[in-house]
Amino acid sequence: MGQVPKDVQDEVQKLEETEQQKQWMALDSRSKLALTTLPQLLRIIDETKNWNDIFKDLVMDKFLIQEGRSISHLRNTICHMSDISDEETDRVKQVMRDWFRVVAP
């Protein structure tokens with residue numbers, strides 16, 4: 001079983017509590033994994049024990065994790081329907097192609 005950094009656990013716990021306070025919104029209860037952000041997921045994958053025990057054979061190249069980090073800053077821009085440059089769009093597409101080529105050939 002992999003390990004999740006303590007600060008990531010704490011952040012997800014806070015999100016769970018926030019979701020409980022918003023029960024009036026009729027959101028389905030979501031798992032801890034569903035509440036985890038992309039940067040947090042990349043940190044979990046990059047933890048040395050997790051990388052060696054779980055993800056090394058699946059992802060194969062730690063460079064992809066760094067590439068994932070390089071595009072994660074675009075999350076708010078994309079999710080809030082803001083414009084991003086063609087260059088950034090191309091970067092996201094290339095990183096996703098690299099991930100899928102390696103992880104899901």
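I began with helix α4, where Asp53 and Lys49 are four residues apart and so are separated by about one helical turn; helices here are DSSP runs (H or I, at least four residues), numbered from the N terminus. Asp53 forms a salt bridge with Lys49, with the closest N and O atoms 2.5 Å apart; the term means a side-chain nitrogen of Lys or Arg within 4 Å of a carboxyl oxygen of Asp or Glu.

I noted that this is a predicted model, in which local features need pLDDT of at least 70 and side-chain atom pairs count only at pLDDT 80 or more, while totals for chains, interfaces and linings use all residues. Residues are numbered from 1 along each chain as its sequence is written, and side-chain values use heavy atoms, with hydrogens and water left out.

Glu88 is buried, at 16% relative accessible area, whereas Glu87 is exposed, at 55%, and Arg91 is partly exposed, at 32%; buried means under 20%, exposed over 50%, and partly exposed in between (1.4 Å probe, protein chains only).

Last, I looked up the largest nonpolar core, which has 12 residues, among them Trp51, Phe55 and Trp99; such a core is a set of buried Ala, Val, Leu, Ile, Met, Phe, Trp, Tyr and Cys residues joined through side-chain atoms within 4.5 Å. Helices α3, α4, α5 and α7 each give two or more residues to this core.
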